[in-house]
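Hi there,

Here is the structure I promised to pass on. Please open it alongside this email, and my notes follow below.

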Amino acid sequence: SSSSSSSSGSACSEVRGRWAQGSEDLPLTIEPLKEDVAQEVTQLKRPQHPEPPYPYLEEEVQYTNPEDGCNLSGTLTIPEKVPADGAPAVMLLTGSGSHDRDETIFGHKPFLVLAD
C-alpha cells in the first residue's frame, strides 16, 4: 500500500509507502530531487566507459542455428596483437529481459566495460 502527502495545493511533495519483495517489507519515501541535484543526475558521467578508438578490433558476428533458424548475433572483440599461442576468450550473455549488447542498465554498460 502507499500514501502521499502534499505541502501546498495539489502538488505532491512526497510519496510514502512500503516496498515488499520476497520476505522483505521496508518503508519507502520518494521525494522530488532539488533542481541542482536533478541537473547533476541527468548529466551522468561514466568515466569507466571506454571511448573509441579502442585498442582492439571489433567485428559484428552472427550464427544461425540450422535446425530452427534462430539467430544469435553479437560483437566480437579481438586484441590487435594476438600472441602466437592465442588469447583467452569469454562469451558474455545477458540475463532475462530486454537488453542491448552492452547490457545497459541505469546508464551503466557493464558488458562494454568488461569487453574493454
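Below is what turned up, grouped by region.

This is a predicted model, in which local features need pLDDT of at least 70, side-chain atom pairs count only at pLDDT 80 or more, and totals for chains, interfaces and linings use all residues. Residues are numbered from 1 along each chain as its sequence is written, and side-chain values use heavy atoms, with hydrogens and water left out.

Let's start with the hairpin. Strand E4 (residues 56-64) pairs with E5 in the antiparallel sense over nine bridges; strands are DSSP runs of at least two residues, helices (H or I) of at least four, numbered from the N terminus, and two strands pair if DSSP finds at least two bridges between them. Gln-62 has Ser-73 in E5 as its bridge partner. Six residues sit between the two strands, and Gly-69 in this hairpin takes a positive phi near 75 degrees.

Next, the aromatics. The whole structure holds one aromatic pair. Tyr-54 and Tyr-56 are stacked, with 5.1 Å centre to centre and 5 degrees between the planes (ring centres of Phe, Tyr or Trp, the last by its six-membered ring, within 6.5 Å; stacked under 30 degrees, edge-to-face over 60, the rest tilted). Tyr-56 counts as buried because its relative accessibility is 10% (buried is under 20%, exposed over 50%, partly exposed in between, with a 1.4 Å probe and protein chains only).

Finally, Val-90 lies in the loop between strand E5 (71-79) and helix H2 (110-115). At 72% relative accessibility, Val-90 is exposed.

Best wishes
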